[in-house]
Amino acid sequence: MRVLHVVTGGLGRGGAENNLLKIIESTGKDIEHFVVTLQLMPEYVEEFSSLGIDLHCLYIKNPLKFVSNLPSLLSEIRKFRPDVLQSWLYHSDLVGSILAYLAGIDKIYWGIRHSNLTPGTIKDRTIKIVKICAKLSRWVPRRIVSCSRRAVVTHIEIGYDASKFIVIPNGYNLSRYFPDSASRDRLRSEWGIASGVSLLGMVARFDLQKDHKNLVLALKELKSADVVFHCVLVGTGMDTSNLVLQKLLEEAGVTDFVSLLGRRIDIPDVMNALDLHVLSSLGEAFPNVLAEAMACGTPCVTTDVGDAAYIVGDTGWVVPAQDSKSLAQAIQSALAVRADTNAWQLRQRAVRRRIEDNFTIERVVKAYDALWREDLG
């Protein structure tokens with residue numbers, strides 16, 4: 001089976017691109033993959049190349065390059081002779097459908113990976129494309145794959161064809177994400193975290209949807225309550241050059257309680273170092289960081305966004321979005337449980353087991369394989 005993937009791409013490391021990489025890495029030799037990106041993905045080139053996959057860029061933001069590149073790309077796609085096309089985000093759903101039409105591919109599967117479409121939290125241009133896709137959803141895709149249950153409801157409400165949806169949650173390589181006390185000790189020592197200090201952390205790029213202001217205000221509440229803690233912030237834009245973030249920390253009076261670590265590639269080690277992962281987002285679909293932390297045995301506090309509550313189940317703490325007081329209270333509740341060593345160890349085993357039972361990459365690959373083959377006869 002030959003699968004043509006169309007993904008938006010761009011700078012940084014996106015959830016859709018990362019999920020595609022994991023799927024290709026875990027599929028068998030009976031599936032061949034061809035990946036088209038709408039924008040350059042410099043941070044993924046080496047990883048895809050190690051799997052024998054070249055990234056073919058459409059240069060969607062450069063009209064001259066796009067026009068000149070399209071004929072040769074279509075020729076390569078036709079030589080590849082895809083059985084199906086799988087696109088991964090709104091822009092790639094739309095552009096991928098056009099590519100499929102031009103290349104003569106009729107088995108088209110879209111991908112939905114967003115659940116919050118509130119104006120002001122997402123670009124107006126993106127909302128316009130979402131509305132176009134909603135109208136086309138009745139005729140173009142065979143199925144629409146959503147990584148999030150809540151995202152299905154959101155998109156049906158704005159006009160997507162309800163009969164087309166299938167939910168395939170994200171999956172994780174548990175040989176990469178696992179409890180590792182050596183990594184925990186090494187990073188905590190490197191960061192200077194004393195044994196009696198509770199280490200909180202959030203792994204997320206600096207983005208309106210992640211609502212770092214909500215987290216910072218919750219940290220202010222913890223400081224006022226004399227909680228002994230330190231917090232590390234990891235991700236693109238989470239460094240000292242971010243003047244907006246620096247101002248937030250200064251105004252909240254928590255600068256000395258927070259370390260800005262920027263983007264890192266050792267995320268499993270980071271998750272192991274934390275006592276508690278906190279997600280303060282106002283919008284998500286299927287937040288990978290929760291499952292990644294849990295796979296490492298790290299419990300989570302999260303806002304009730306996307307499928308966050310479904311991911312943590314009864315192993316974590318879930319609070320309303322944009323409510324810093326509730327977020328702070330949940331963190332305090334979690335740290336109170338941590339004070340009981342036996343209870344906390346049970347919690348750590350429970351969060352790991354939740355991922356093992358529900359969100360392995362093997363389950364995801366099996367689901368996509370079945371989906372892509374359903375119309376092949």
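## Helix α6 and residue H155

H155 sits in helix α6, which covers residues 149-157; helices (H or I, at least four residues) and strands (E, at least two) are DSSP runs, numbered from the N terminus. The model is a predicted one, in which local features need pLDDT of at least 70 and side-chain atom pairs count only at pLDDT 80 or more, while totals for chains, interfaces and linings use all residues. Residues are numbered from 1 along each chain as its sequence is written, and side-chain values use heavy atoms, with hydrogens and water left out.

H155 counts as buried because its relative accessibility is 0%, where buried means under 20% relative accessible area, exposed over 50% and partly exposed in between (1.4 Å probe, protein chains only). The side chains of H155 and Y90 are joined by a polar contact of 2.6 Å, and a polar atom of the H155 side chain also lies 2.7 Å from the backbone oxygen of A151. A polar contact is a pair of N or O atoms within 3.5 Å; within protein, one must be able to donate a hydrogen and the other to accept it, and residues adjacent in sequence count only if both atoms are side-chain atoms. Leaving aside residues up to four places away in sequence, H155 touches Y90, I112, H114, L117, Y160 and F165, where contact means heavy atoms within 4.5 Å.

## The largest cavity

A search of the whole structure finds one cavity of 30 Å³ or more, and the volume of the largest cavity is about 40 Å³. On a 1 Å grid over the protein atoms alone, a cavity is a set of points where a 1.4 Å probe fits but cannot get out, a pocket is an open set with protein on both sides within 12 Å along at least five of seven lines, and lining residues have an atom within 4 Å of a point. Grid points are joined across faces, edges and corners, and a volume is the space filled by probe spheres set on the points.

Among the residues lining the largest cavity are W88, I112, R113 and Y368.

## Helix α14 and the second largest pocket

The second largest pocket holds about 210 Å³ of space, and of the 15 residues that line this pocket, P179, N272, C296, G297 and Q348 lie nearest its centre. Helix α14 provides four residues, the largest share of that lining.

Helix α14 itself has 18 residues and reaches 26 Å from its first C-alpha to its last, close to the 26 Å expected at 1.5 Å a residue; the expected span is 1.5 Å times one less than the number of residues. Its buried residues are W344, R347, A350, V351, R352, R354 and I355, and these pack against several elements, including β11 (276-279) and α13 (324-338). At the start of α14, a side-chain oxygen of D340 comes to within 3.2 Å of the backbone nitrogen of N342.

Most residues other than glycine have a negative phi. R81 counts as exposed because its relative accessibility is 51%, whereas D211, at 12%, counts as buried.
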